[in-house]
Amino acid sequence: MAPFLDAEFGNPSGIHSVSRRAKNALEDARERVAALLGAAHPLDIVFTGGGTESDNLGVAGPALAGGDRGGVVTTAIEHDAVLETARFLGRLGCPVAIVGVDDLGRAHPAEVAAALTGRTRIVSVMAANNETGVVQPVAEIASAVRADGPQALIHSDAVQAYVSREVGLDSLGVDLLTVASHKVGGPKGVGVLAMRPGIDLEPVIHGGGHELGRRSGTHNVAGIVGMAAALEAASKDRERFTHDVEEARRRFETRLVAEVPGAALTVPGTDRLVQHSHFRIDGVDAETLLIRLDAAGVAAAAGSACHSGAIEVSHVLAAMGMGVEDARSSVRFTFGWTIRPGDGDAAADALVAAVEGLR
Amino acid sequence: MKALVAMSGGVDSSVAAAVMRELGHEVVGVTLKQWEGPDGRLPTAGCCTVADAEDARRVAARLGIPYYVLDYTDQFEQEVVARFGAGYLAGRTPNPCIECNRRVRFGALLERVGALGCDVLVTGHHARVDRVRDRYRLLSGRDRAKDQSYVLHMLGQAELARIALPIGEMTKDEVRAEAARLGLRNAAKPDSQDLCFVQGDYRDFLREHFPDTARPGAIVDEHGTPVGSHDGVSGFTVGQRRGLGVAFGEPRYVVGVDASTATVTLGRRSELAVEGCRVEGVTFVGGTAPSGGSRVEVKVRYRSQPVAAAVYPAGADWRVEFERPQEGVAPGQAAVFYRGDEVLGGGTIVEAA
């Protein structure tokens, strides 16, 4: 991607050779991303300014297409990019239904289907939750939706899942699919909305009609080229990643349960992304623990950071029926692509020491 | 030593962090998220805002120290805002900064210093702590115009042993000069004036959050004769002259506020002066009470001059007898006892008479 930050500065929308080279790089990236996500044609790939924008377009685009105020069905554990878009659409007059999840954080196909009405235009269910890592039965939900509401399109946010799961329009059985660059080590601020052919979208970014009018704005060529490379690399590395991280997590969680009194996995026995370990430690304040871990060089999370940087109690845990006090003692570890099996022991060492320091 | 610095985003606490670092201590900066807007975010206007937290974060980055925002919204709501409302509902004029220091900063946060891996809590208050043999003393700030020892009077030996107030030795001008020298972006930021959780008029805040404070009632003269009406006693404090909505030939002042009947009583300036007051919840910095009749100086408001008085224990409370009658002694405010620069202790005024 580096040349497109420097000598290859062309705007792909121009007509001269400098622009043409940028345009070629852009369309090359589009072809590669289309192949990765199973899009029928490269033009079914829309490049955006990140996962959040892809979610906005993937949900609001179909709901508002054709001047309609179409209905939205989604789940209580979606990323805010989807939930806040749904709430925004609700303020515009779209009927919005937010479906709950069970206590392990799973949405159920029958419950999603039961929320459909004749006005439903878009159903959005994430491939896997970004906090707990719990994998959602998207394909089953898609089948149930198609049976009960054939007019509805299905969108899935697969930002979190992509690095460790095969993610595509066909494999998930969806019509629209969000993937982002930054979760696979690519540049931040670039995302994709992949879609089936022939879907009518109302744009959320208006302007000069780039991306076939679906997303205006001068292309972030370097970012897009970088994202395509990162998505390809992650796809090729998926088997190795899954193997190493699964072993790292196994080592980490074995010691967590054995050596930290009061520690318990949040979603035991569920199908969850291999890179996630979500757990609760009785009587330990997550905020304090994270600060101690930071001092020890371990970057972990709890809930999500708000605008000021304070930790907010997770809406995902609340949707799973967890009380505020339990949520405040819950912590998430995620393992990235640099993790090797032995890093699970190092993470456990740091956690055990941090918890001992607190007690 | 590892210092936890409570950073508001203002220049005082920023320089406090810088001073600790220059003294060679390991420093961690934190901002307390104390209040949030209806959407759960920090307010964007007023004090205690996203912009203030951002200022603190940038200063921390400039100083090369770790920085976190800690969520204290629940404690702040229960311990500070609820008491603030309850005070007005009781016809008092509460000082929420004092309750915040007592219960949040030097309460919940101080208790957590060890858990956060630190040894000492540092704030940017203009006040000083010194140690004479094994006793700690709380002293007013070197910059008398900025002295904040009044709002710290509740600190005892256990607290003083675990805090540092490094800018108490500096004047405000010196603090700003130091901030400018270090290139801190808030070097010229104005001092905060208002309550951190209130944007605009505190009476509007009370009306919104504690609707009972907006109960209309009568304004009466010293004989109990109605002379006007008001929209809620929260707009009135003893000693107030402006905004009474009632015109007389001779200036009148609020001399009493009775929340139970929503009555505001006006009187002449001569009626405003009281011989003394009763003070509850009195604590002493040194841990031991002075003998009854001790001569001290007393401050009855944050921005008033200390006046000579004698203090006497009166059951669980203390009685303050002013050497000369004092005006504007408002229940709910703190009475803080000084001897020269030294804070002896203090409590909350419950009755002025």
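Which residue stands opposite Val331(A) in E12(A)? Hold that thought while I set things up. What we have here is a predicted model, so local features need pLDDT of at least 70 and side-chain atom pairs count only at pLDDT 80 or more, while totals for chains, interfaces and linings use all residues. Residues are numbered from 1 along each chain as its sequence is written, with chains lettered from A and ligands numbered from 1 in the order in which they are written.

Okay, back to the question: it's Phe279(A) that stands opposite Val331(A). Strand E9, residues 276–281 of chain A, pairs with E12(A) in the antiparallel sense over 5 bridges. A quick word on terms: helices (H or I, at least four residues) and strands (E, at least two) are DSSP runs, numbered from the N terminus, and two strands pair if DSSP finds at least two bridges between them.

Those two strands belong to an open sheet of 3 strands in chain A, ordered E8-E9-E12, with antiparallel pairing. At its edges sit E8 (263–265) and E12 (330–334) of chain A, each pairing on one side only. On average, neighbouring strands here are turned by 30° against each other, direction ignored. Lying across E8, E9 and E12 is helix H7 of chain A, residues 221–259, running at about 10° to E9(A). For angles, axes are lines fitted to C-alpha atoms, for helices over the stretch in contact, and angles run from 0 to 180 degrees between N-to-C directions.

Next up, helix H5 of chain A, residues 138–148. Its buried residues include Val138(A), Ile141(A), Ala142(A), Ala144(A) and Val145(A). Buried means 20 or more other C-beta atoms within 10 Å of a residue's own, exposed means 12 or fewer, and partly exposed is in between, with C-beta atoms placed from the backbone. These five cover an arc of only 165° around the axis, so they sit on the same side of H5(A); the arc is that of the directions from the helix axis to the C-beta atoms. Among the elements covering the buried residues of H5(A) are helix H4 (109–114) and strand E4 (120–124) of chain A.

Now chain B. Helix H1 (11–22) and helix H6 (172–181) of chain B pack at an angle of about 65°, with their axes 9 Å apart. Val11(B), Asp12(B), Ser14(B), Val15(B) and Ala18(B) in H1(B) meet Val175(B), Arg176(B), Glu178(B) and Ala179(B) in H6(B). In contact means that C-beta atoms, placed from the backbone, lie within 7 Å.

Leu212(A) lies in the loop between strand E7 (191–195) and H7 of chain A, whereas Ala262(B) is in the loop between strands E10 (253–258) and E11 (263–267) of chain B. So, which is buried and which is exposed? Leu212(A) is exposed, because it has 11 other C-beta atoms within 10 Å. Ala262(B) is buried, because it has 20.

Terms used:
Contact = placed C-beta atoms within 7 Å.
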